[in-house]
Structures are given as structure tokens and as C-alpha cells.
Amino acid sequence: MKSLTQLENKKVLVLGLAKSGEAASRLLAKLGAIVTVNDGKPFDENPSAQALLEEGIKVICGSHPIELLDEDFELLVKNPGIRYDNPMVMGALEKGIPVWTEVELAYLVSEAPIIGITGSNGKTTTTTMIAEVLNAAGQSALLSGNIGFPASEVVQEATAADTLVMELSSFQLMGVDRFHPHIAVITNLMPTHIDYHGTFEDYVAAKWNLQNHMTAEDFVVLNFNQDLAKKLAAQTQATVVPFSTTEKVDGAYLENGVLYFKGESVMQAQEIGVPGSHNIENALATIAVAKLSGVSNDTIRTTLSAFGGVKHRLQYVTEIDGVVFYNDSKSTNILATQKALSGFDNSKVILIAGGLDRGNEFDELVPDITGLKEMVILGESAVRVKRAADKAGVPYVDAKDVADAAQLAFEHADAGDVVLLSPANASWDMYKNFEVRGDEFIATVEALKG
């Protein structure tokens, strides 16, 4: 880890804890900053705050007192989930205090080069694929970022011999200043998180911050299935490496069932270890990064063929009496569920869908669910999801929660069928997050197996 003297004896406010805030607080303290942590959860219910206090870090919990900003802070490091219209964030900006997310801090002290991956869908799978391929080639790739390993924690042990393979959200990328990966990947860009960003254009701008400081010696890997990506390609100083499943490009592409990189055959599409057209795109992005990193075709093929997916992202769970179960709880929007369904024969699929009601209809999903064997529908959005099922002519049953849905789906399934949890909705109406929702599905399926 590099030393960073610019923060020595500087007053820094960390706003919001969770994993990233806790990691940032410790790193800042290690760098000699005078750290104050402010978190909304009461101290008695806040083990992270309690641990930081024991380590000598000042903590203020239970509320966000705006007068705290009068203490002459020189930097605010915020949890990425905290919006920019939050009074504390707005107050800091009005006072001219820089507002970062912890990935900026991690970049500034990182000895390791960074591969940054973002996008609307597929970033977790692509990040994991890239790390597994690089590690299989002996290159010591360290997962970090939005994938569950705070960058400011991982970076403290990383050396110049490692590579940080960093998943990045639009929320995180709004809080960067000098962040500079050597390779950047944008898997795709679709309207999502508009409630946070306000407009799709602002969302894209946040993602595009990824390449702000890249040069011609760096590489940005873009999905040329999208016209937007082609437009963005003309707006970067980085060397653009495209990937596509629809046309031959000067990068990674699909042609006649084979994945190529710049005219060189790498592997058969059907050899990829996880189903779905979206995973072909993820594999192409991975191939582009791997080839730029000097990985052999044999290593790429072997690793991607053995790739079993990511937990909660089209994750194979098990097979019971010929019925196969997939956990795709991370599909929290329509596009993700569309991509999940693309890997299966609808006539053999029982789809579990529904969740948080954000007020949107599901007409876009109708072509993708047409022909399904059945749907099991749950959650606040059930009425809207049922309207789409009716338009598609798909029979459905109601479930009170994911455990109930998994049991109903199994009761209605025959050997050869697939039970797919791919909700097309966020989980917060019933569950703390999509991980809890997916874990309940897995536990229920395992109980059914028993």
C-alpha cells in the first residue's frame, strides 16, 4: 500500500458505515487522518460503530446532525447508497468539501493495477469470470469493490504483483476524482437506478466516470451490441476494445457459435459453464480482458467451461427428481430476468417472480415469458406481474413468500423442468436484500431435497 501524506492530520468525515464505511474509516485512520464517523443506526445497535470506537475512532450515531459540518472537515467519504440530495452531502458540497466514495481512496493508495468493471447487468458475473481466468493463469487477481469486498480493505494487503478486479456501481463512480483503472469494462447500459440519478443521461454519466483519466495506453472494453456504447467509444482517450454477439468487431465476438478474439478462435459458445445469451456477452468481455492480459486460449477455455456462476446470479442450486433449480435472486429488474430466461426452453420453466412495487408495469417482459409452463407470483408487485402473465397467456399461482413459492413450483414441476427464481423486482418489500431472498430459496430447495 502506498503512503498518502495528503490526508495526514486532515479532518475527514465518514458518512454511513456498512462494510465500505467501516473499511474506509480504518484505512483513513491508518493514513493518519483525524476520522469522525457518522451513522444513522443507534450506537447500541451498531457493532461496527462500537468496534471503531474501541479502536480510537470518533463515532456519532443515531442521527445526522447538520451542525457536524461546522467542524472544519477537509473531506467527506460517503457510503455509496447515500444520495447526493442528502442534507449532509449537500451541506458538504456547499462548503466546498470534496465528497468521495471509498473506491477513490483505495485507488490513491493502491500499488496494484486496477481492472474496473461496471454496467447495468452482468457486472458481478463478469468480475468473477475475469478474476477466475486471471488466477488460473497465475496472475493473482483480487476481487474487490461492489462485489462484497470493500476496495479500501483489499488494497491494504495488495502489492504491485497483484491486480485488483473491482466491481463498481454507478453510486460509487459518482464519488471518484482521480480514479484510473488500466482496463475498464462496461457490460451494458440500461435505464436503472433512475430514482437515484434522476435521468438515464445522468446515470450513464456516472458510469462513464470510470474512464475519465484513462489514456491511449489503457483499454476500455465496450458492448457494441448497443449503439450507445458505439457513441461513447468516440468520447474516450482510452483504446477501445469492443465485444459483440451480433457483428464481427475488432475485439471479441460471436460467429457461428464460436467465440473469437481478433480473428482467433478461443472457444465454443456452448462450452461456457453457465446458460444464457447474457453469459455469452459476459464471456466475451472476459475474453477481451484476458487476452489484453496475456492469458492463453487454453486457460480461458478451461476456466470458462468450469465456471459455475455467481451466488444469486443464475446460480445452479441442485436437481431433485429431474427438476433443476436456479437461483437468480439478483435479477432485480426486467432486463436481468429477460436475459436469464434466454438460456432456457420456456415450455420447461416455472418462473418465480415479483417483489417490490416501483410502480412500473411489466409489458416489456411479455414476449419473454410467453410459453412458460407456469409462473409463481409474489410480493407487492404481484398485481402488475399477473397482468403481464395474462397478456402472455401464462398460468400462475400465488405465493406468500419465496419459501412457499419454491415448494409450490416443485409440486407443479415434472422431470425435465426448471424452477427459476428470477424476480424482475427488488426484494425490499419482503427481504432485507436479494441475498437474503436467494438464501431462503436455496434453504427451501435443500430442505425439499432432504
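## A charge over a ring

A charge counts as sitting over a ring if NZ of Lys or CZ of Arg is within 6 Å of the ring centre and within 35 degrees of the ring normal. Here K11 lies over the face of F73, at 5.3 Å from the ring centre.

Before going on, note that this is a predicted model, in which local features need pLDDT of at least 70, side-chain atom pairs count only at pLDDT 80 or more, and totals for chains, interfaces and linings use all residues. Residues are numbered from 1 along each chain as its sequence is written, and side-chain values use heavy atoms, with hydrogens and water left out.

## Aromatic pairs

A search of the whole structure turns up 8 aromatic pairs; rings of Phe, Tyr and Trp (its six-membered ring) pair if their centres lie within 6.5 Å, and planes under 30 degrees apart count as stacked, over 60 as edge-to-face and the rest as tilted. The Y316 and Y326 rings have centres 5.8 Å apart and planes at 70 degrees, so this pair is edge-to-face. Y316 belongs to strand β15 (residues 315–320) and Y326 to strand β16 (residues 323–327), so the pair ties together parts 10 residues apart in sequence. Strands (E, at least two residues) and helices (H or I, at least four) are DSSP runs, numbered from the N terminus.

How exposed are these two? Y316 is partly exposed at 41% relative accessibility, while Y326 is buried at 13%; buried means under 20% relative accessible area, exposed over 50%, and partly exposed in between (1.4 Å probe, protein chains only). Y316 and Y326 also form one aromatic cluster with F344.

## From strand β16 to helix α16

F325 and F410 have ring centres 5.9 Å apart and planes at 50 degrees, so their pair is tilted. The pair links distant parts of the chain, with F325 in strand β16 and F410 in helix α16, 85 residues apart. F325 is buried, at 0% relative accessibility.

Helix α16 (residues 402–412) is itself mostly covered, with 8 of its 11 residues buried; F410 is one of them, and V402, D404 and L408 are also among them.
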